[in-house]
Structure formats: structure tokens, C-alpha cells
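The following paragraphs lead through one structure, starting from a single residue and widening to the chain. Please keep the sequence and the coordinates at hand.

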Amino acid sequence: MMETEQIKELMEQFARTGLRSLRLSQGDFTLEMEAGGACQPAAAATAAPAVQPAPAPAAPAEEEQGVAVTAPVVGVYYEGPAPGADPFIKVGQQVEKGQTLCILEAMKMMNEIEAPVSGQVVAIEAVPGELVSFGQTLVRILPR
């Protein structure tokens with residue numbers, strides 16, 4: 001179960017992101033938040049595994065370029081290894097498959113997100129220090 005401070009921190013980050021809703025499940029604990037609504041922590045009585053909904057497809061305003069690297073978890077996006085440190089990547093930079101692109105902090109765990117392909121970084125779509133949702137595009141890489 002999440003600690004009260006973790007829930008408060010998540011609520012504050014959620015309020016800053018502009019997201020409409022968020023559902024987070026951990027074991028038999030589920031936390032749901034909706035913009036303009038109330039938080040409702042609920043302990044699920046069943047042992048059924050939580051199912052992550054598929055992200056809604058974005059309306060194609062223009063042809064997206066490159067391979068989208070998406071968030072595997074809900075978490076806070078960090079562009080570098082520490083506050084004030086140089087970012088792992090910059091737009092225009094060449095990266096190798098397996099190279100660290102960024103870090104997502106989820107439940108006090110730091111998750112390094114690696115490049116799925118070698119190529120050139122063509123876009124960084126996440127904002128440092130902001131909460132990203134499951135399936136949200138973080139970076140785009142044009143493969144070589």
C-alpha cells in the first residue's frame with residue numbers, strides 16, 4: 001500500500017500535469033484520480049491482476065517522424081542523472097540501441113529508459129520534472 005506522503009506527492013504532480021484521469025494499481029491497492037474530482041483510494045477485494053488500458057491514439061495532426069519511445073509506467077520524467085546535471089540526450093544527437101535516454105521515477109524507483117534502436121533523436125516530447133502517463137511518448141528517434 002502507498003504511504004500517505006507518496007499519495008500527496010502524486011496528487012500534487014497530477015494537478016500540475018493537466019491530465020484528466022489517472023489510475024494506479026499496486027497489488028490490491030488502487031488509486032484513482034480525476035481532474036476536478038476527488039481521490040478515491042480503494043483496496044480491491046479480488047486478486048485479479050490490474051490491467052493497464054491501452055493509450056488513446058492521438059489525432060494525427062501531422063505525420064510523426066521516427067520511432068516513439070513511450071513511458072512503460074506512470075512517473076516523473078527526468079532528463080539527466082541528477083538535478084543540474086547535463087541531460088542524457090539532446091535533439092539532433094546520435095544514440096545507440098540500449099543507451100539511456102531518460103529516467104522515470106515511479107514509486108521512489110528510478111527506471112532508466114533505454115533507446116530501442118540506434119539513430120538520431122528528432123524530438124523530446126516530455127517535460128523535465130513533470131508526471132508522464134503510461135504510453136505517453138517521451139522521445140522520438142529516427143533509426144539509421
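T137 is buried, with a relative accessible area of 16%; buried means under 20% relative accessible area, exposed over 50%, and partly exposed in between, with a 1.4 Å probe and protein chains only. This is a predicted model, in which local features need pLDDT of at least 70 and side-chain atom pairs count only at pLDDT 80 or more, while totals for chains, interfaces and linings use all residues. Residues are numbered from 1 along each chain as its sequence is written, and side-chain values use heavy atoms, with hydrogens and water left out.

T137 lies in strand β11. Helices (H or I, at least four residues) and strands (E, at least two) are DSSP runs, numbered from the N terminus. Contact means heavy atoms within 4.5 Å. With neighbours within four places in sequence left aside, T137 is in contact with A68, V69, T70, E125 and A126.

Strand β11 (residues 137-143) pairs with strand β9 (residues 119-124) in the antiparallel sense, over five bridges. Two strands are taken to pair if DSSP finds at least two bridges between them. Within this pair, V121 stands opposite I141 in β11. Both strands belong to an open sheet of four strands in the order β4-β11-β9-β6, with antiparallel pairing. The edge strands of this sheet are β4 (67-70) and β6 (94-95), each of which pairs on one side only. Strands of a sheet pair through backbone hydrogen bonds, either parallel or antiparallel.

Another open sheet of four strands has the order β8-β7-β5-β10, again with antiparallel pairing. Here the edge strands are β8 (109-114) and β10 (131-132), and each pairs on one side only. Strand β5 (residues 75-78) is joined to strand β7 (residues 100-106) by three bridges in the antiparallel sense. Across this pair, Y78 stands opposite I103 in β7, and Y77 stands opposite L104 in β7.

Is β7 enclosed by the rest of the structure or left open? Seven of the seven residues of β7 are buried, so the strand is largely enclosed by the rest of the structure.

On its other pairing, β7 runs antiparallel to β8, and six bridges join the two. A106 stands opposite M109 in β8. The two strands form a hairpin with two residues between them. Phi of M107 is near 55°, a positive value in a residue other than glycine. K108 likewise has a positive phi, of about 65°, although it is not a glycine. M107 counts as partly exposed, at 30% relative accessibility.

The view can now be widened to the chain. Buried residues make up 28% of the 144 residues in the protein chain. Among contacts between residues at least 6 apart in sequence, 55% join residues at least 24 apart. The protein chain exposes about 9100 Å², of which carbon and sulfur atoms supply 53%. Accessible areas come from the Shrake-Rupley method with a 1.4 Å probe, and for residues only the protein chains shown count as cover.
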